[in-house]
Amino acid sequence: MYANPTPEAFASIQEQLTAFRRDLHANPELGFEEQRTASRVSGMLRALGIEVHRGIGKTGVVGLLRGERTDSSRLIGLRADMDALPLQELNGFEYASVRPGLMHACGHDGHTAILMGAAKYLSQTRQFNGTVAFIFQPAEEGLGGAQAMVDDGLFERFDCDAVYALHNWPALPPGTIGINPGAMMAAADRFEITIQGRGGHGAHPYQAVDPVVVASHLITALQSIVARNVHPLDAAVITVASIQAGDPMAMSVIPDQAKLVGTVRSFKPEVQQTVQRRMQRLIEQVAHGFDATATMHYQKIYPPTINTPAHADLVAELATELFGAENVMRDLPPSMGAEDFSFMLQHRPGAYFRLGQGGAESGCFLHNPNYDFNDGVIGVGARLFAAIVQRSMPL
């Protein structure tokens, strides 16, 4: 027995979920500091009769709900991130952040409200055979909260058969769903290159080994790696985002050292390995050509977010049933951004999808001080989450 969740079921709780979302927006917390958020989430879950487990991955929360039957022994995980960003909000509405320098500028407040909406609906109906884990994750913004939860025994304690997550997307119209059966987000690596030269007087560069000149040549040379070493149908990005050398007040002093910091993005492990290998050779050889030396510290921060085809197809099929084919993109182009839900997908099959919320046309981008989550799509995301559970574990 299976019936898709109706819009009316979520319309009745829209006001409550909106108020919850706006309370979170007004009280943002950074990664691994989400104590108030975790308490609010835990309190609401307990009020719904859902079993609560706190402190997983430091500030993570997992709510466990058993269906009308559980003889299937299946367990489906639904994940939402909870953390905010170190950003000063410029919005003037009444629920703007009350915490200087902190803001929910990526919509994690909305994701948390969506998952709570699914929890509320499923706790009231329990029309599934199995168990659902509502995973409220800390520290998605660059701190690897998903990995922290995994390391803390998330899947040993809650042995999910599959996991699902969403992220709002201002570039898609409100209520649309975007997904594809493979890569959704890229791997994110960080590199730091230290160039050691020999300092000297700016008027006598022939007596020095100028690391700024080496850095300049190296930045240009790095751009050749993707163009000449990566297959044209694959994708990779090398971005040097910071260069530090010398003192701005010392116009005639050649420094003895320069540092470059940046990121590499890719989808395939073999591309990632090729880029790292070629970077290492170029760095050494370009520096050697100028009688300098250079070393690189390379960190693989996030793996690529790769959907399991069968689970991505399930999301697309359910979204089509719920919202119509015209509101579903089954071949959404992957983003070169990164997402730490990738760590969970390394351990369990599942899917990550986009929830359109609009706003990009008016400058409402993610990580923007004027960003705000569109409360009108809370019910859309919650309905799809609930439908995934019911379809995956039918009575």
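**The H7/H8 crossing and other selected sites**

A: H7 and H8 cross in a right-handed way. A crossing is right-handed if the near helix is turned clockwise from the far one by less than a right angle, and left-handed if anticlockwise. The model is predicted, with local features needing pLDDT of at least 70 and side-chain atom pairs counting only at pLDDT 80 or more, while totals for chains, interfaces and linings use all residues. Residues are numbered from 1 along each chain as its sequence is written, and side-chain values use heavy atoms, with hydrogens and water left out.

Now the geometry. H7 spans residues 211-229 and H8 spans 269-289. They pack at an angle of about 150 degrees, and their axes are 10 Å apart. The axes are lines fitted to C-alpha atoms, for helices over the stretch in contact, and angles run from 0 to 180 degrees between N-to-C directions. Helices (H or I, at least four residues) and strands (E, at least two) are DSSP runs, numbered from the N terminus.

H7 brings Val214, His217, Leu218, Ala221, Leu222, Ser224, Ile225 and Asn229 to the contact. H8 brings Thr274, Val275, Arg278, Met279, Leu282, Ile283, Val286 and Ala287. Contact means heavy atoms within 4.5 Å. By class, this H7-H8 contact has 11 nonpolar, 4 polar and 1 charged residues. Here Ala, Val, Leu, Ile, Met, Phe, Trp, Tyr, Cys and Pro count as nonpolar, Asp, Glu, Lys and Arg as charged, and the others, Gly among them, as polar.

Next, the rings. The whole structure holds 5 aromatic pairs. Rings of Phe, Tyr and Trp (its six-membered ring) pair if their centres lie within 6.5 Å; planes under 30 degrees apart count as stacked, over 60 as edge-to-face and the rest as tilted. Tyr302 and Phe343 have ring centres 5.6 Å apart and planes at 90 degrees, so this pair is edge-to-face. Tyr302 sits in strand S13 (residues 293-302) and Phe343 in helix H10 (residues 341-345), so the pair ties together parts 41 residues apart in sequence. Tyr302 and Phe343 are both buried. Buried means under 20% relative accessible area, exposed over 50%, and partly exposed in between (1.4 Å probe, protein chains only).

Arg354 lies over the face of Trp169, at 3.6 Å from the ring centre. A charge sits over a ring if NZ of Lys or CZ of Arg is within 6 Å of the ring centre and within 35 degrees of the ring normal. Ser335 touches both Trp169 and Arg354. Its other contacts beyond four places in sequence include Met184, Met185, Ala186 and Phe267. Ser335 is in the loop between strand S15 (328-329) and H10, and is buried at 15% relative accessible area.

His167 also contacts Arg354. His167 lies in strand S5 (residues 162-169) and is buried, at 5% relative accessible area. Leaving aside neighbours within four places in sequence, the contacts of His167 include Asp81, Cys106, His108, His111 and Glu339. Tyr352, Phe353, Leu355 and Leu366 are also among them.

Ala105 is in the loop between strand S3 (75-81) and helix H4 (108-125). Ala105 is buried, with 1% relative accessible area.

His367 lies in the loop between strand S16 (350-356) and helix H11 (378-392). At 40% relative accessible area, His367 is partly exposed. Lys58 likewise has a positive phi, near 80 degrees, and is not glycine. Lys58 lies in the loop between strand S1 (51-56) and strand S2 (60-66), and counts as exposed at 57% relative accessibility.

Cys160 lies between helix H6 (154-157) and S5, and counts as buried at 3% relative accessibility. Cys160 and Arg74 are 86 residues apart in sequence, yet 7.5 Å apart in space, C-alpha to C-alpha. Arg69 lies in the loop between S2 and S3 and is partly exposed at 38% relative accessibility. Its contacts beyond four places in sequence are Phe128, Asn129, Gly130 and Leu395.
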